[in-house]
Amino acid sequence: MYSEDLSMDDPNARAYFWGSIYEGDYMRIKNLSIHDSRAFSCQQHDARNFSCVLSQIGVSRTINLQVLPKPPVDRVEDLKVATHGFTATVTWAPVADATFYMLNLIPGNTIVKTEDLEYHFEELLPDTQYTLEVFPGNAGGINTDVMPATVDFRVSREGKSSCDYDVCFSIKGDIIEEGDDYVMVPESSTVTLSCQPNNKVTSKHIFTDFNVDGESVFGDEMYSEDLSMDDPNARAYFWGSIYEGDYMRIKNLSIHDSRAFSCQQSQIGVSR
């Protein structure tokens, strides 16, 4: 690795060796790369001429030379966040030459170092706007000239719940504000409507219906065509259990979904 580059005549060579009998010897290596990360040492011999003996003066201790790579020059891309309750999972695409990633969650200045391409935050605060910064790095550090990837998000609140007439009805989602009889959510978000019995159910046969503006969603022009009980990817999806209650999820909300929702349940008996 050095024999071809090493010169005792050319000071401009990558590896140049020079010295003095009285002042010691030197070797300069220029344009270091990670391949120069090797163990170096030296030894000296008596420079005088003897008839048959060459005496060894000493051998130095070994000093390990470590050449650090340049920090990543690319920015983190494809940063995504998925929230659930008071938790959030963030993912991102790998960056060339990065061996770790530094995450900074604001507010709180929670700084995390990870070698993975995702991270899970827990115990986040409701009604709080968070900003996450992600920096790529390696043994050479973090490139301060590269802007971090950022994403803003807000965790979901538990949502509005009402239990009347032996039925519990709730709306869960990215709740921004709520009052006695309303909740506010951002456009393009998702809400889940829940309808569950609030009393001891003696029959396994329960019929549930979600209402919008006092009428069944199954008969409403806005939802009847989108509503599915088979396709979870539908904009409006209805599912449930005779023991756990029923649910309706509405995705990609628009201002036209600003309507009054409720639910009703009927218990059907079984003859002997």
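**Close-up views of a predicted model**

**View 1. Leu105 stands opposite Leu132 of strand E13.** The model shown here is predicted. E10 and E13 pair in the antiparallel sense, over 7 bridges. E10 is mostly covered, with 5 of its 7 residues buried.

**View 2. Strand E10 also pairs with strand E11 (residues 110–114).** These two strands run antiparallel and are joined by 5 bridges. Asn104 has Ile111 of E11 as its bridge partner. The hairpin of E10 and E11 has 3 residues between the strands. In this hairpin, Gly108 takes a positive phi near 105°.

**View 3. Leu103 and Leu132 touch the most other members of the largest nonpolar core.** This core holds 20 residues. In general, nonpolar side chains tend to be buried together in soluble globular proteins.

**View 4. Leu103 and the residues it touches.** Setting aside residues up to four places away in sequence, Leu103 touches Val90, Trp92, Thr110, Ile111, Val112, Thr114, Tyr119, Phe121, Leu132, Glu133 and Val134.

**View 5. Leu6, Met8, Phe17 and Met27 make a nonpolar surface patch.** The patch covers about 370 Å². Met8 lies in the loop between strand E1 (6–7) and strand E2 (15–20). Met8 counts as exposed because its relative accessible area is 58%, and exposed means over 50%.

Definitions and conventions
Residues are numbered from 1 along each chain as its sequence is written. This is a predicted model: local features need pLDDT of at least 70, side-chain atom pairs count only at pLDDT 80 or more; totals for chains, interfaces and linings use all residues. Side-chain values use heavy atoms; hydrogens and water are left out. A nonpolar core is a set of buried Ala, Val, Leu, Ile, Met, Phe, Trp, Tyr and Cys residues joined through side-chain atoms within 4.5 Å. Buried means under 20% relative accessible area, exposed over 50%, partly exposed in between (1.4 Å probe, protein chains only). Contact means heavy atoms within 4.5 Å. Patches are made of residues with over 30% relative accessible area and no salt bridge: like charges are joined within 9 Å, nonpolar side chains (Val, Leu, Ile, Met, Phe, Trp, Tyr) within 5 Å. Accessible areas come from the Shrake-Rupley method with a 1.4 Å probe; for residues, only the protein chains shown count as cover. A salt bridge is a side-chain nitrogen of Lys or Arg within 4 Å of a carboxyl oxygen of Asp or Glu. Helices (H or I, at least four residues) and strands (E, at least two) are DSSP runs, numbered from the N terminus. Two strands pair if DSSP finds at least two bridges between them.
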